[in-house]
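Dear colleague,

I am passing on the structure we spoke about, and below it you will find my notes on what turned up when I went through it. Please read them with the structure open beside you.

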Amino acid sequence: MDLSISLGITERVKEISGQNPFLCMQCGTCSASCTGIGKMDLLPRQILRKIQLGDPGVLQCSSIWVCTACLTCTVRCPRGIDIARLMEALRAINLRKGNEALVLEKVPSELIREVPQMALTSGFRKLSA
Amino acid sequence: MVAGLDITLAELPQWTCCGVAFPLAQDNYIGLVAAARILANAAKTGDGRLVTVCSFCYNVLKRVNYAIKNNPEAKEKLNNYLEESYQGETSVVHPLEVIRDEVGLKNLESKAGGRLKGLKVACYYGCMLVRPATEVALGDPENPVLMEELMAALGADPVDFPWKTKCCGSYQLLNASDLVADRVREIIDAAVARGAQAIVTSCPLCQFNLDWGQEKLVSQNGWPKIPVLYFAQLLGAALELPAEKLGFGQHYVDPRKILLREFS
C-alpha cells in the first residue's frame, strides 16, 4: 500500500463536497447506519479516515459505487458532516475522469423494461460517466 | 383521486424531467438547472404551489428551491443561465401534505367511511420524502407519521415497524441488486413480524423494489410475501374509485386476495 500522504485528494474532496472531513471523530455512526455496508469494501467511517489522511487509494474503493445516496449517514452524523456529499465527491472525481460503475449494456434488458424510469435516470446520473 | 377530494390541479406547461437525483457536488450548478427551470415556470402559473407525487421529484425540487433561497451564488448563476429572476417563491408540496392541510384528515375520514376496515398496513416512507430534514422533511426524519395518519383516517390499522425510513436500495437495483434483495428481505420481515398484512409506500421506486424484489430477488420457499401498495391506490379504494383504475392487477405480489377480503 502506498503510504505517501498527500493533501491533494483531501483538498479536492473538500472543494467538491463543501465539507470539512477533519470534523470527523471516527464514531462510526455512519457505518452503523449505512444502507450499503453489506457490499462495501471500505465502510463510510474508513473512507472519512482515508480522506483525512489524504490517501488517494480511497478513489478505488467499491463503496462509493454501492452507495444509494439515502442520506442516512448525513442526517445522523453527530458532527454535522454531510457525508453523502463526500461520497458524491469521490464519485465525481472518478466520473469526471471517465471511471464509471454502471454501463447500460450490462443491465438485463427485461429489467430495463420493467423498472420505473426514476431508477434509470438516478442510477445513470450517479454511477455513469 | 384528486377530483374525489375536491382538489383542482393544473398541469404545468412544458414540464420536463427534474433530474431525479439531487446533485451533491458543490462546484457545479448545471445539475440544478432542470429543477430550477421547473420551479421558475411554476412560479408564473397557478397559485405558486407545485404538487408532485414522485418522491424523487419532491426531494430534488425542494432541495434546489432551498439552494436558490439560501445560496446567493446558486441563485445568481441559475437565473443568469435560465434568463429568469426566480427568487424561490414556488412552494413544493406532496399530495400527502395537500390531504393533511387542504382536505383535512377529519374530512377524509367522513368521506372514506372506514372503508379499509382495519386492514393492517405498515407504512414505509423510504428516504427521499424525509431526508434531509432541514430541506425536505415530510415529517420527522426518523419517525414520520403522515401516512399512518392518512391510513387511520381511511379506516385501516397502521402497524408501526422499525424500518419505515430504511433505504430500499433505490437505483442499486441496476448495479448491485443483491443489496436491494437484502434490504427488501429486512423490511418485509420487519413488517410481517409486526403483523402487517400489506405495506403502503409513498415512493414509486420503493414500491417497485419491494414488490418486484419480493418476487424476483428474494423468493424462497415459505418466505412470507405481502403486497406492497402505493398510498394513492388505497386512497382511491377508500374513495370508491373504480377498481380497474387502481392498478391492483399490475403487482408482482398480488394484493387482490387480501383486498377482496377486506372490501367485500
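Please keep in mind that this is a predicted model. Chain B is divided into two domains, with domain 1 covering residues 3-93 and domain 2 covering residues 112-263. The centres of domain 1 of chain B and domain 2 of chain B, taken over C-alpha atoms, are separated by 27 Å, and their contact draws on 9 residues from domain 1 of chain B and 10 residues from domain 2 of chain B. On the side of domain 1 of chain B that touches domain 2 of chain B, there are 4 nonpolar, 3 polar and 2 charged residues.

Also within chain B, the axes of helix 5 (residues 105-112) and helix 6 (residues 146-153) come within 8 Å and cross at roughly 35°. Here Leu105(B), Leu108(B), Glu109(B) and Ala112(B) of helix 5 meet Glu149(B), Leu150(B) and Ala153(B) of helix 6, a contact that by class holds 5 nonpolar and 2 charged residues but no polar ones.

Turning to the two chains together, 37 residues of chain A are in contact with 31 residues of chain B. Several helices of chain A each supply at least two residues of the side that touches chain B, among them helix 1 (8-17), helix 6 (83-96) and helix 8 (117-127), and helix 8 of chain A gives the largest share, 8 residues. By class, this side of chain A has 19 nonpolar, 11 polar and 7 charged residues.

With best wishes

How values were computed:
Residues numbered from 1 in each chain as written. Chains lettered and ligands numbered in written order. Predicted model: local features only at pLDDT ≥ 70, side-chain atom pairs only at ≥ 80, totals over all residues. Contact = placed C-beta atoms within 7 Å. Helix = DSSP H or I, 4+ residues; strand = E, 2+ residues; numbered from the N terminus. Nonpolar A, V, L, I, M, F, W, Y, C, P; charged D, E, K, R; others polar. Domains from an automatic or database assignment. Axes fitted to C-alpha atoms, helices over the stretch in contact; angles between N-to-C directions.
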